[in-house]
Amino acid sequence: RSLRLAEVVGKRDLKRFVGHQSSVWASALSSEGKWALSGGMDGSVRYWSVETTQQKWKLDGHNGLVTTVAFVAEGDQAISGGLDGFVILWDLQTGKEIRRWRGPMKYVHSVAVSPNGTNVLIAADRKIWEWNPQTGKAVRSYEGHTSSVTCVAFAPGGKSFVSGSDD
């Protein structure tokens, strides 16, 4: 039900963010460390001020568990995905949904945003989908895993990625 910001070296809690109605399953920090995102079993994405621990937005759009959240390059947008099979692009200035995408996948397990923010990788079912958040169109899909793809991450330069699976 909460999100915690902790110190790595001193191993102590620095901040606690409370607001979800049930378990938190996803979290992300903005690149400058001023904002946090969380996604939970209650189907909501929360956008938090790290300085005050106050929630700026409660972003409703998923029907069920939110499994993954990420900031888009400049930090004024976010991406979320869930077990409802939707990927949602959010405007963090207004707290409104910009667009949503549901490909042929059943569940969304993980999303990764390219360093320049132009593409999103979506780990879903046995594929990884590349999605352009600005156009809302799928660019391509990557196959190779023989079981559910559970996680995906871009390399720092954005020219390659790594993914994990049950296979």
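## Terms and basis of the model

A salt bridge is counted here when a side-chain nitrogen of Lys or Arg lies within 4 Å of a carboxyl oxygen of Asp or Glu. The structure is a predicted model, in which local features need pLDDT of at least 70 and side-chain atom pairs count only at pLDDT 80 or more, while totals for chains, interfaces and linings use all residues. Residues are numbered from 1 along each chain as its sequence is written, and side-chain values use heavy atoms, with hydrogens and water left out.

## Salt bridges

Five salt bridges are found in a search of the whole structure. One of them joins R100 and E97, with an N to O distance of 2.9 Å. R100 is partly exposed at a relative accessible area of 32%, and E97 is partly exposed at 34%; buried means under 20% relative accessible area, exposed over 50%, and partly exposed in between (1.4 Å probe, protein chains only).

Another salt bridge is formed by E143 and K127, at 3.5 Å from N to O. This pair links distant parts of the chain, 16 residues apart: E143 belongs to the loop between β14 (137–142) and β15 (149–154), and K127 to strand β13. Strands are DSSP runs of E with at least two residues, numbered from the N terminus. E143 is exposed, with a relative accessible area of 65%, whereas K127 is partly exposed, with 26%.

## The surroundings of D42

D42 lies in the loop between β4 (35–40) and β5 (44–49) and is partly exposed, its relative accessible area being 26%. D42 forms a salt bridge with R46, in which the closest N and O atoms are 3.2 Å apart. R46 is buried, with a relative accessible area of 4%.

A polar contact of 3.2 Å also joins the side chains of D42 and H20; a polar contact is a pair of N or O atoms within 3.5 Å, where within protein one must be able to donate a hydrogen and the other to accept it, and residues adjacent in sequence count only if both atoms are side-chain atoms. Leaving aside residues up to four places away in sequence, D42 touches H20, Q21 and S22, contact meaning heavy atoms within 4.5 Å. R1 is 41 residues from D42 in sequence, yet their C-alpha atoms are 9.3 Å apart.

## A four-stranded antiparallel sheet

Four strands, in the order β7-β8-β9-β10, form an open sheet with antiparallel pairing; two strands pair if DSSP finds at least two bridges between them. β7 (66–71) and β10 (96–101) are the edge strands, each with a single partner, so one side of each has no neighbour in the sheet.

Five bridges connect β7 with β8 (residues 77–82), and V66 has G82 as its bridge partner in β8. β8 and β9 are likewise joined by five bridges, with Q77 opposite D91. In turn, D91 stands opposite K96 in β10. The hairpin of β8 and β9 has four residues between the strands, and G85 in its turn has a positive phi of about 85°. The hairpin of β9 and β10 also has four residues between its strands, with a positive phi of about 75° at G95.

## Nonpolar cores

The largest nonpolar core has 15 residues, and those with the most contacts inside it include I79, V87, M105 and I122. Such a core is a set of buried Ala, Val, Leu, Ile, Met, Phe, Trp, Tyr and Cys residues joined through side-chain atoms within 4.5 Å. The largest share of this core, three residues, comes from β12.
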